[in-house]
Amino acid sequence: MVIARRFGATQPVSQLWLVLAIAMVRFYMEKGTHKGLYKSIQKTLKFFQTFALLEIVHCLIGIVPTSVIVAGVQVSSRIFMVWLITHSIKPIQNEESVVLFLVAWTVTEITRYSFYTFSLLDHLPYFIKWARYNFFIILYPVGVAGELLTIYAALPYVKKTGMFSIRLPNKYNVSFDYYYFLLITMASYIPLFPQLYFHMLRQRRKVLHGEVIVEKDD
Amino acid sequence: MKHYEVEILDAKTREKLCFLDKVEPHATIAEIKNLFTKTHPQWYPAHQSLCLDPKGKSLKDEDVLQKLPVGTTATLYFRDLGAQISWVTVFLTEYAGPLFIYLLFYFRVPFIYSHKYDFTSSRHTVVHLACICHSFHYIKRLLETLFVHRFSHGTMPLRNIFKNCTYYWGFAAWMAYYINHPLYTPPTYGAQQVKLALAIFVICQLGNFSIHMALRDLRPAGSKTRKIPYPSKNPFTWLFLLVSCPNYTYEVGSWIGFAIMTQCLPVALFSLVGFTQVTIWAKGKHRSYLKEFQDYPPLRMPIIPFLL
């Protein structure tokens with residue numbers, strides 16, 4: 001019963017990302033360009049990423065073995081990118097860097113959720129496990145590069161329009177500058193990204209390394 | 001007199017670290033820790049956690065060897081608590097920071113605001129009043145740390161000082177920046193709002209101090225005893241009838257008063273974050289009171305009368 005419940009939670013999510021991946025490939029095959037790609041998939045993307053808040057619930061109730069904090073950071077950064085950057089700053093939607101992180105996210109999520117789904121069915125093909133613990137080596141840096149380049153491209157528009165910012169003087173004696181907030185966000189990737197990356201590398205060594213030793217004994 | 005033998009093992013590796021023979025039966029854990037330090041000088045007593053069980057709760061310094069559930073050969077497990085720093089040092093550092101930092105903004109030291117405002121003075125009375133209140137608050141805290149508080153623990157982990165100072169100093173700078181800004185907007189309801197807020201602030205400061213004195217008087221100097229606090233002749237202590245930790249209640253009240261006085265959103269946010277933290281502490285304290293004392297007054301809530 002527990003397995004069926006867990007399966008029900010992970011299966012739809014991998015299918016959602018597969019749908020998104022197919023939509024992206026089809027668009028590129030039809031149009032031959034990435035321009036307008038974001039616009040065509042944006043509703044689906046927003047739906048999935050907001051739906052991804054469920055991730056945190058999954059971690060809390062133990063369906064998915066990731067820690068709540070790691071999942072929280074991951075989901076927050078995704079929601080930040082989708083809603084506060086690409087949705088709100090229209091001029092950067094056709095940047096190449098957007099495709100970069102969309103591809104990275106899509107491939108990562110399909111791999112990750114297939115891994116969870118097959119694990120729950122106790123029928124995990126070695127390829128899925130291999131993919132889950134090796135793809136990230138390229139995908140993480142690619143995704144981060146895409147995100148950082150997109151935020152960087154957005155900076156001039158943010159500065160010019162003064163969007164999402166509060167200036168002095170005002171009744172509540174507070175101010176907020178979205179431009180500097182974005183700079184600080186970009187800087188925060190420096191301590192955060194290596195931690196997540198090395199965590200995954202350590203997981204990889206534990207899981208795949210252990211596997212190799214057993215095979216040698218056989 | 002029968003002597004005890006004490007062996008100390010590492011809680012993680014079970015390696016034998018130390019063997020003490022001819023230990024007096026009425027020796028305390030503190031004395032055993034001192035003996036342990038002689039053989040391992042890098043671990044002074046505050047670094048050490050000794051337990052009867054590798055995963056168990058730390059034994060207290062006052063516990064007597066004879067009274068523990070051990071045979072004449074006692075096995076204790078050692079855990080390294082890491083670099084420690086005294087509570088007094090942490091409190092003094094984390095309180096001195098905001099006092100000093102706020103004044104930097106109040107006097108409009110160069111490179112904070114635009115250069116034409118260097119060393120100028122605000123034309124709003126409330127800004128001067130706010131500086132007096134903020135400074136008074138932290139001077140009071142420093143004096144209480146030196147002369148009033150009686151701490152049950154001597155030390156805490158070293159990393160706490162970085163965490164705590166970042167919090168206190170960071171928020172102090174953030175609040176001070178807006179209150180002392182040349183473009184500061186005084187409260188909407190003017191002098192009335194400021195007077196009311198000042199009254200709340202002063203009452204809560206007096207209340208907080210009264211509670212600190214009452215708690216100090218519960219505990220004789222140098223001891224670590226714990227007793228149920230009760231209201232005294234001082235009206236500010238009557239809050240003990242309704243609340244386990246009225247010092248926290250008054251503290252939150254002071255900051256709410258300060259927020260109303262300055263009508264500054266960062267101050268309100270600081271009050272909210274502070275309230276969350278002291279509520280967690282108050283609930284913990286309330287729970288320990290309930291566990292330790294069977295006759296604990298049932299009407300009392302942890303921090304807010306009847307509610308929380």
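In chain B, an unreviewed UniProt entry assigns the feature "transmembrane region" to residues 85-107, 166-184, 196-215, 235-250 and 256-282. The coordinates discussed here belong to a predicted model, and the annotated spans may be set against its secondary structure. Residues 196-215 of chain B are 100% helix and 0% strand, with 29 Å between the end C-alpha atoms.

Residues 133-158 of chain A are 100% helix and 0% strand, and their end C-alpha atoms are separated by 37 Å. Residues 178-198 of chain A are likewise 100% helix and 0% strand, with a separation of 30 Å between the end C-alpha atoms. As a whole, chain A contains seven helices and zero strands, and its elements follow the order α-α-α-α-α-α-α from the N terminus. Of its 218 residues, 41% count as buried.

Because D177(A) and R167(A) both lie in the loop between α6 and α7 of chain A, the pair ties together parts that are ten residues apart in sequence. D177(A) counts as partly exposed because its relative accessibility is 25%, and R167(A) is partly exposed at a relative accessible area of 49%.

F176(A) is placed in the loop between α6 and α7 of chain A too. With 33% relative accessibility, F176(A) counts as partly exposed. F176(A) contributes to a nonpolar surface patch with W83(A), L84(A), F164(A), I166(A) and F181(A), and the accessible area of these residues together is about 490 Å².

Over all chains, the count of salt bridges comes to seven. In chain B, the side chains of D61(B) and K33(B) meet in one of them, at 2.9 Å from N to O. D61(B) lies in the loop between β3 (48-51) and β4 (73-80) of chain B and K33(B) in helix α1 (residues 29-39), so this pair ties together parts that are 28 residues apart in sequence.

Another salt bridge in chain B pairs E251(B) with R141(B), and the closest N and O atoms are 2.6 Å apart. This pair links distant parts of the chain, with E251(B) in helix α6 (residues 246-262) and R141(B) in helix α3 (residues 125-147), 110 residues apart. Both E251(B) and R141(B) are buried. In chain A, R78(A), E109(A) and R112(A) are joined into one network by salt bridges that share partners.

The surface of chain B includes a positive patch, formed by K57(B), K60(B), K283(B), R287(B) and K291(B). Among its members, K283(B) is found in helix α7 (residues 265-292) of chain B. K283(B) counts as partly exposed because its relative accessibility is 35%.

R14(B), although not a glycine, has a positive phi of about 60 degrees. R14(B) is found in the loop between β1 (4-10) and β2 (16-23) of chain B, and at 47% relative accessibility it counts as partly exposed. F306(B) also has a positive phi in a residue other than glycine, with a value near 65 degrees. F306(B) lies in the segment after α7 of chain B. At 56% relative accessibility, F306(B) counts as exposed, since the cut-off for that class is over 50%.

Definitions and conventions:
Residues are numbered from 1 along each chain as its sequence is written. Chains are lettered from A and ligands numbered from 1 in the order in which they are written. This is a predicted model: local features need pLDDT of at least 70, side-chain atom pairs count only at pLDDT 80 or more; totals for chains, interfaces and linings use all residues. Side-chain values use heavy atoms; hydrogens and water are left out. Patches are made of residues with over 30% relative accessible area and no salt bridge: like charges are joined within 9 Å, nonpolar side chains (Val, Leu, Ile, Met, Phe, Trp, Tyr) within 5 Å. Accessible areas come from the Shrake-Rupley method with a 1.4 Å probe; for residues, only the protein chains shown count as cover. A salt bridge is a side-chain nitrogen of Lys or Arg within 4 Å of a carboxyl oxygen of Asp or Glu. Lys and Arg count as positive and Asp and Glu as negative; His and the chain ends are not counted. The place of a charge is taken as NZ of Lys, CZ of Arg, CG of Asp or CD of Glu. Helices (H or I, at least four residues) and strands (E, at least two) are DSSP runs, numbered from the N terminus. Buried means under 20% relative accessible area, exposed over 50%, partly exposed in between (1.4 Å probe, protein chains only). UniProt positions are given in the numbering used here, feature names are shortened, and annotations may be inferred rather than shown by experiment.
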